[in-house]
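Reader: I would like to learn how to read the features of a model like this one, starting from a single residue and working up to domains. Please show me the structure.

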Amino acid sequence: MADIVTGAHLDELRREVRGFLAEQLAAGAFKPSVDAWLCGWDKNFTGSLAKQGWLGMTVPVHYGGHGRSFQERFVVTEELLAAGAPVAAHWIADRQIVPSLLKYGTEEQKSEFLPRIVAGECFFGIGMSEPDSGSDLASVRTRAVRVDGGWSITGTKVWTSGAHHAHAFIVLARTEPVDPSHRHAGLSQFIVDLRAVGVQVRPIISMNGGHHFNEVMLDEVFVPDAMVFGEIGHGWTQVTSELSFERSGPERFLSTFPLLPRALENTSDDAELGRLVARVAGLHHMSTAVAGALERGENPDVPAAVVKVLGTTVEGDIADYADRQTGDDAATDAEWTHLVATAVDQRAGFTLRGGTNEVLRGVIARGLGMR
């Protein structure tokens with residue numbers, strides 16, 4: 001049975017995580033980085049978190065998890081992000097796949113994947129976006145055709161973070177022809193082994209030389225019936241439910257947080273820094289509220305979209321602020337300069353991934369009943 005979650009309990013957990021991170025930094029286990037949840041792939045660090053019991057925190061004990069609350073998980077993930085720790089290896093599996101498996105997975109799927117995710121031994125990607133589709137998931141062209149014993153999937157997914165390292169990803173595909181009057185119908189999800197016959201992972205190299213995105217080609221990939229995820233034809237409902245986890249977490253406002261402590265040491269503009277800190281503090285409370293709604297089984301798609309829009313804007317503003325503080329000062333150390341440059345390079349992606357901010361403003365407007 002999980003411990004009773006109180007303010008004091010969460011404060012103690014936060015101190016425990018900070019102590020662990022201080023020890024890891026002192027031991028040289030990692031260097032703080034920006035966008036660490038996307039680019040900081042380190043399975044050894046993930047393994048160390050698993051040993052602490054900080055992966056699969058909300059997974060029930062009978063699936064190998066820890067049966068803890070969303071609030072407890074939020075505290076741990078927030079501290080990891082604030083420290084710039086390398087958490088990319090397990091991030092998608094822990095953030096998105098775990099709650100989706102618990103909600104839509106079969107007993108066989110839960111028993112196979114959840115204990116391995118909790119142990120830091122199974123990594124996942126997401127197969128939603130496609131070339132030329134932008135943020136319009138209803139336009140996906142990947143097809144799943146019924147065959148003996150399962151499905152044959154053909155198509156292309158893009159911007160698949162970590163696919164070159166991950167074991168599997170959940171693919172959104174069309175199982176029925178497009179109905180122009182109901183474009184969201186006829187979509188289904190499948191758990192696809194990234195090492196299966198017919199799967200080809202092609203790297204997408206960023207302009208700064210980084211590699212975390214990939215294009216995944218699927219050529220008549222066989223997926224057994226046991227790996228159908230959820231119900232055939234219910235893919236759109238499932239995906240929109242999953243996106244609340246993707247859009248509302250602290251990674252949507254803390255990607256560049258490791259820049260702030262250093263900026264605090266060097267700034268002469270206390271007012272602007274204060275505004276940035278205040279915006280982060282407000283987003284902390286908003287994101288915490290969404291975590292509570294998710295734990296209650298609610299679907300906070302509009303609040304999650306608000307967190308994503310405001311959060312990705314502020315983390316980009318932090319990058320710009322740090323860049324202005326750095327300027328052309330030759331005395332600035334190389335490690336700091338690289339950190340700031342990486343943040344500025346990554347800024348454009350903040351507002352794109354997880355749904356563009358322009359699209360999400362439409363989600364917010366419709367959710368609030370605006371025309």
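Reader: In which strand is isoleucine 170 found?

Author: First, the ground rules. This is a predicted model, in which local features need pLDDT of at least 70 and side-chain atom pairs count only at pLDDT 80 or more, while totals for chains, interfaces and linings use all residues. Residues are numbered from 1 along each chain as its sequence is written, and side-chain values use heavy atoms, with hydrogens and water left out. Helices (H or I, at least four residues) and strands (E, at least two) are DSSP runs, numbered from the N terminus. Isoleucine 170 is found in strand β4, residues 168–174.

Reader: Is isoleucine 170 buried or exposed?

Author: The terms rest on relative accessible area: buried is under 20%, exposed is over 50%, and partly exposed is in between (1.4 Å probe, protein chains only). Isoleucine 170 has 4% relative accessibility and so counts as buried.

Reader: Which residues does isoleucine 170 touch?

Author: Contact means heavy atoms within 4.5 Å. Not counting residues up to four places away in sequence, isoleucine 170 touches Ile97, Phe124, Gly125, Ile126, Gly127, Gln189, Phe190, Ile191 and Phe229. As for Phe190, isoleucine 170 and phenylalanine 190 are 20 residues apart in sequence, but their C-alpha atoms are 5.5 Å apart in space.

Reader: What is serine 152 in contact with?

Author: Serine 152 lies in strand β3 and counts as buried at 16% relative accessibility. Leaving aside neighbours within four places in sequence, its contacts are Arg143, Ala144, Val145, Val147, Glu220 and Val221.

Reader: How is a helix read, and which residues of α6 are buried?

Author: Begin with the span: the expected value is 1.5 Å times one less than the number of residues. Helix α6 (residues 107–118) has 12 residues and reaches 16 Å from its first C-alpha to its last, close to the 16 Å expected. Its buried residues are Gln109, Lys110, Phe113, Leu114, Ile117 and Val118. They cover an arc of only 125 degrees around the axis, so they are on the same side of α6. The arc is that of the directions from the helix axis to the C-beta atoms. The cover over these buried residues includes α3 (43–52), α5 (88–104), β1 (124–127), β5 (187–193) and β8 (228–229). Just after α6, glycine 120 has a positive phi of about 70 degrees.

Reader: Which residues of α12 are buried?

Author: In helix α12 (residues 357–367) they are Asn357, Leu360, Val363 and Ile364. Their arc around the axis is only 105 degrees, which puts them on the same side of α12. They pack against α7 (235–248) and α10 (301–326). The face turned away from this buried side carries the exposed residues Glu358 and Arg366. Glycine 369 follows α12, with a positive phi near 80 degrees.

Reader: How many salt bridges does the rule count?

Author: A salt bridge is a side-chain nitrogen of Lys or Arg within 4 Å of a carboxyl oxygen of Asp or Glu. The count comes to 18 salt bridges. One of them joins glutamate 107 and lysine 110 at 3.7 Å, N to O. These two are 3 residues apart in helix α6 and therefore separated by about one helical turn.

Reader: How many residues apart are glutamate 130 and lysine 157?

Author: Their side chains meet in a salt bridge at 2.8 Å, N to O. The pair links distant parts of the chain, 27 residues apart, with glutamate 130 in the loop between β1 and β2 (143–147) and lysine 157 in strand β3 (residues 150–158). Glutamate 130 is buried, with a relative accessible area of 5%, and lysine 157 is buried at 0%.

Reader: Is arginine 296 buried or exposed?

Author: Arginine 296 is exposed, with a relative accessible area of 55%. Glutamate 298, its salt-bridge partner at 3.0 Å between the closest N and O atoms, counts as partly exposed at 43%. Elsewhere, Arg14, Arg18, Glu78 and Glu79 are linked in a network of salt bridges.

Reader: How much area do domain 1 and domain 2 bury between them?

Author: Domain bounds come from an automatic or database domain assignment, here domain 1 (8–122), domain 2 (125–234) and domain 3 (248–368). Buried area is the accessible area (1.4 Å probe) that two parts lose on being put together, summed over both. Domain 1 and domain 2 bury about 1,300 Å² between them, 75% of it on carbon and sulfur atoms. Leu38, Trp41 and Gln109 supply 36% of the area that domain 1 buries against domain 2, more than any other three residues. Across this interface of domain 1 and domain 2 the rule finds 0 salt bridges.
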